[in-house]
Amino acid sequence: MSQVLASAGSTAAATTQSIVFWLLAVVSVGSACGMVLARRAVHCAIFLAMIMLSLAVFYAMQGAPFLAFVQVIVYTGAVLMLFLFVMMLIGVNSRESLVETIRGQRLAAGVAGIALVVLLILGLGHAAIGPATQSVANGGTNNLSGIATLIFTTYVFPFEVTSALLITAAMGAMVLAHRELTSPKLTQRELSKRRVASGRPTPLPSPGVFALHNAVDMPALLPDGSPSEISVSSMLARREIGGDGAPALPAAPPGPELAPHSEQTEGGSAAPGDGDAGQPVEASSKGGAPS
Amino acid sequence: MSPSAYVTLSVILFAIGGVGVLVRRNAIIVFMCIELMLNAANLAFVAFARMHGNLDGQVIAFFVMVVAAAEVVVGLAILMAIFRTRRSTSVDDASLLKN
């Protein structure tokens, strides 16, 4: 592959390279802007993945196939997955508030960014960046062998330091992620006693089984017609509130969302029995949960 | 494409990443913007390596990748620890040392 990329000296290949460059430059800069502007963290991660993949193509076009593959494997494969993993652990729906804590911070940051671009491009204009040297001095071998030779001869000491750094990082991550048990671990006997003492020894009701739907985000209807809010997973209830975009209280019951949701899913094909079962749901959502 | 085009692109990406670090307050997104800045620096390294016709820049970019991976691991572990104690990842909330 490196020979194919290295032999791209003809005009047709140059044209293709410039087309790919401009296309991916627009994509990567647009993705970077989207990453800064996107409100959800997952969208930021997707944009970052696009930037990293286009950078991998840039590396391949510049005669660095090894770095292109390392970019895809290490960055897009490992680092970004780690980001997504932590994002899922912390909570996908955690939004940052849009209120500025420092007045005019965003404007100042934008101005500073533009000033940085102008300054660096002016500096680049003064620097003598020559054209690409055609024959990359690989020592007569391909890219991979050349990099391996450099790493294990000239840069062998930084390479060893890197191994120490990686071991230290792994140890640090383990120490930081470790949680000390401050109390002795509960035995099964203590757990069952606690369960009986909690007032609900039985399992929680399943969501939606006796309600209009069997979806997991629908609270079950109890025999007296009232929805059982504990039947819905707290993660799902939080997500439904967060998905509306309204800064609802975290302790808001899922009752108010029940009525519009059932209207959307049922539409006009409501069975005659649905009206009877739906009324206590709405009544209870308006008047609060009946005890 | 000439290396100067690649270097200009890396300058733009670096500046966007810097703006993101300044603007965003979710610590995970701040980390992602730092990654973007490191990637932009890598692009400049590779472009300079191509300009000079040797592989030193590529090796430096490789080392930058290794250091970035280690930084992400430790940084995200710190983030998890902060989230566990404070239930928030906003960089504004971690101001316990101020008082």
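This is a predicted model: local features need pLDDT of at least 70, side-chain atom pairs count only at pLDDT 80 or more; totals for chains, interfaces and linings use all residues.
**View 1. Gln62(A) sits in the loop between helix H3 (41-61) and helix H4 (65-90) of chain A.** Is Gln62(A) buried or exposed? Gln62(A) is buried, at a relative accessible area of 2%, where the cut-off for buried is under 20%. Setting aside neighbours within four places in sequence, the contacts of Gln62(A) are Tyr6(B), Leu43(B), Val46(B), Ala47(B), Arg50(B) and Gln58(B).

**View 2. Helix H3(A) leads up to that loop.**

**View 3. Helix H3 of chain B covers residues 56-86.** With 31 residues at 1.5 Å each, this helix should span 45 Å. Its end C-alpha atoms lie 44 Å apart, which agrees. Which residue takes a positive phi just after H3(B)? That is Arg87(B), with a phi of about 55 degrees.

**View 4. Chain B is built from three helices and zero strands.** Starting at the N terminus, its elements run α-α-α. Why is chain B called more spread out than a compact globule? Its radius of gyration is 17 Å, whereas the globule rule gives 13 Å for 99 residues, so chain B is more spread out than such a globule. The C-alpha trace spans about 50 × 25 × 20 Å along its principal axes. Of the 99 residues in chain B, 62% are buried. Chain B exposes about 3,600 Å², with 69% of it supplied by carbon and sulfur atoms. As for charge, chain B has 7 positive and 5 negative charges, and their mean positions are 10 Å apart. Taking contacts between residues at least 6 apart in sequence, 56% in chain B join residues at least 24 apart.

**View 5. Chain A has 11 helices and two strands.** Buried residues account for 30% of the 291 residues in chain A. For contacts in chain A between residues at least 6 apart in sequence, 46% link residues at least 24 apart.

Technical notes:
Residues are numbered from 1 along each chain as its sequence is written. Chains are lettered from A and ligands numbered from 1 in the order in which they are written. Side-chain values use heavy atoms; hydrogens and water are left out. Helices (H or I, at least four residues) and strands (E, at least two) are DSSP runs, numbered from the N terminus. The radius of gyration is taken over C-alpha atoms; the globule rule is 2.2 Å times the number of residues to the power 0.38. Buried means under 20% relative accessible area, exposed over 50%, partly exposed in between (1.4 Å probe, protein chains only). Contact means heavy atoms within 4.5 Å. Accessible areas come from the Shrake-Rupley method with a 1.4 Å probe; for residues, only the protein chains shown count as cover. Lys and Arg count as positive and Asp and Glu as negative; His and the chain ends are not counted. The place of a charge is taken as NZ of Lys, CZ of Arg, CG of Asp or CD of Glu. The expected span of a helix is 1.5 Å times one less than its number of residues.
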